[in-house]
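Visitor: I'd like a close look at a single part here, the place where the two chains meet. Could you walk me through it?

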There are 2 protein chains.
Amino acid sequence: MKKTQTWIITCIYLQLLLFNPLVHTQGICRNRVTDDVKDVTKLVANLPKDYMITLKYVPGMDVLPSHCWISEMVEQLSVSLTDLLDKFSNISEGLSNYSIIDKLVKIVDDLVECMEEHSFENVKKSSKSPEPRQFTPEKFFGIFNKSIDAFKDLEIVASTMSECVISSTSSPEKGKTYKHS
Amino acid sequence: MKKTQTWIITCIYLQLLLFNPLVHTQGICRNRVTDDVKDVTKLVANLPKDYMITLKYVPGMDVLPSHCWISEMVEQLSVSLTDLLDKFSNISEGLSNYSIIDKLVKIVDDLVECMEEHSFENVKKSSKSPEPRQFTPEKFFGIFNKSIDAFKDLEIVASTMSECVISSTSSPEKGKTYKHS
């Protein structure tokens with residue numbers, strides 16, 4: 001009898017959790033991130049440490065809330081990863097760099113699509129295209145991992161202008177603004 | 001009865017073949033080359049196509065007999081491969097770039113040792129150190145494969161001075177000489 005009661009309570013809790021709107025708004029693109037992101041560690045170990053990967057780095061990633069930079073960053077990551085994929089040959093055997101990068105491109109493209117579907121259009125991209133910079137595999141995939149982590153907790157927010165302005169004291173990139181509509 | 005005769009004849013042929021001094025002088029370092037060289041194809045596919053590998057290329061490889069350049073070339077390959085190994089991390093899983101390069105370094109170091117043991121000391125190295133050049137993975141491992149193939153057929157030869165001189169008409173590297181003692 002007690003067992004049945006415990007089961008009913010557990011079921012109610014689970015249902016509350018699943019249909020809670022708070023859970024729904026948090027991690028809106030979380031389900032686009034597959035377990036393939038774990039292969040990043042293997043990929044970094046399998047790339048020459050001094051190989052430089054070009055990425056248009058969106059400034060403010062370190063100081064601004066994720067909704068300010070995530071949309072543009074994920075687009076730039078998609079461009080860089082697609083370029084990187086082209087540098088390798090597709091060998092059928094095992095876990096090749098090609099196969100790992102191919103899966104990462106798919107995840108990133110899914111995230112770009114997810115961002116287009118959700119209400120982040122109100123955060124407009126900067127009018128100036130971010131400058132291309134060179135990163136070692138370790139640094140490049142550090143940025144990749146940070147973006148993926150940000151997606152896991154991404155919420156639909158009513159953002160304010162001030163949130164997406166880099167303070168002149170907090171960063172050397174003084175007062176750069178990401179326009180909002 | 002006929003079967004036994006055939007077996008005896010086969011055995012005699014095999015013994016002749018094994019103890020034939022001609023076979024002994026050909027491919028003197030052949031046994032140092034293991035099947036691991038086959039992984040070069042996977043390695044090339046798993047390295048960025050535009051990554052540049054530094055190698056001090058020994059001139060004359062295309063035109064001179066292998067005994068003129070093989071000893072110095074294999075030493076330079078060992079240096080370049082050891083440098084390359086340092087660019088990767090050792091991950092335990094699967095066939096990583098690190099594990100492949102590590103095996104190739106062992107083969108090349110074995111070949112350097114083999115060359116020191118055999119009578120090729122009479123082919124002295126050039127007094128000038130070959131200039132470092134940059135090669136894509138495809139070109140670098142093309143030179144590696146060519147050197148390995150040359151080892152498979154390497155004979156102990158009584159070389160002559162003229163053999164190791166690059167003709168002024170056959171190559172742009174005019175009249176470069178590899179000294180003999």
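Visitor: Across the interface of chain A and chain B, how many residue pairs are in polar contact?

Guide: Keep in mind that this is a predicted model. Across the interface of chain A and chain B there are 10 residue pairs in polar contact, counting pairs with both residues at pLDDT 80 or more. On the side of chain A that touches chain B, the elements giving two or more residues are α3 (40-45) and α5 (97-117) of chain A.

Now for the charges. The interface of chain A and chain B has 2 salt bridges. In one of them, the side chain of K87(A) reaches across to that of D50(B), with 3.3 Å from N to O.

How much surface goes into all this? The size of an interface is often given as the accessible area lost when the parts come together. Here chain A and chain B bury about 1,600 Å² between them, and 55% of that is on carbon and sulfur atoms. Chain A puts 17 residues into the contact, and chain B puts in 17 residues. As for which residues those are, 100% of the interface residues of chain A are also interface residues in chain B, so the copies meet through the same surface.

That brings us to the symmetry. Two copies of a chain are related by a rotation about an axis and a shift along it.

One more thing while we're at helix α5, which is one of the elements on the touching side of chain A. The structure holds 2 disulfides over all chains, and one of them joins C29(A) to C114(A), with 2.0 Å from S to S. C114(A) sits in helix α5 of chain A, while C29(A) is in the loop between α2 (21-25) and α3 of chain A. The two cysteines are 85 residues apart, so the bond links distant parts of the chain. The link of C29(A) and C114(A) is left-handed, with -90 degrees about the S-S bond.

Key: Residues numbered from 1 in each chain as written. Chains lettered and ligands numbered in written order. Predicted model: local features only at pLDDT ≥ 70, side-chain atom pairs only at ≥ 80, totals over all residues. Heavy atoms only, no water. Contact = heavy atoms within 4.5 Å. Buried area = accessible area lost by both parts, 1.4 Å probe. Salt bridge = Lys/Arg side-chain N within 4 Å of Asp/Glu carboxyl O. Polar contact = N/O pair within 3.5 Å; in protein donor to acceptor, adjacent residues only side chain to side chain. Helix = DSSP H or I, 4+ residues; strand = E, 2+ residues; numbered from the N terminus. Disulfide = S-S within 2.5 Å.
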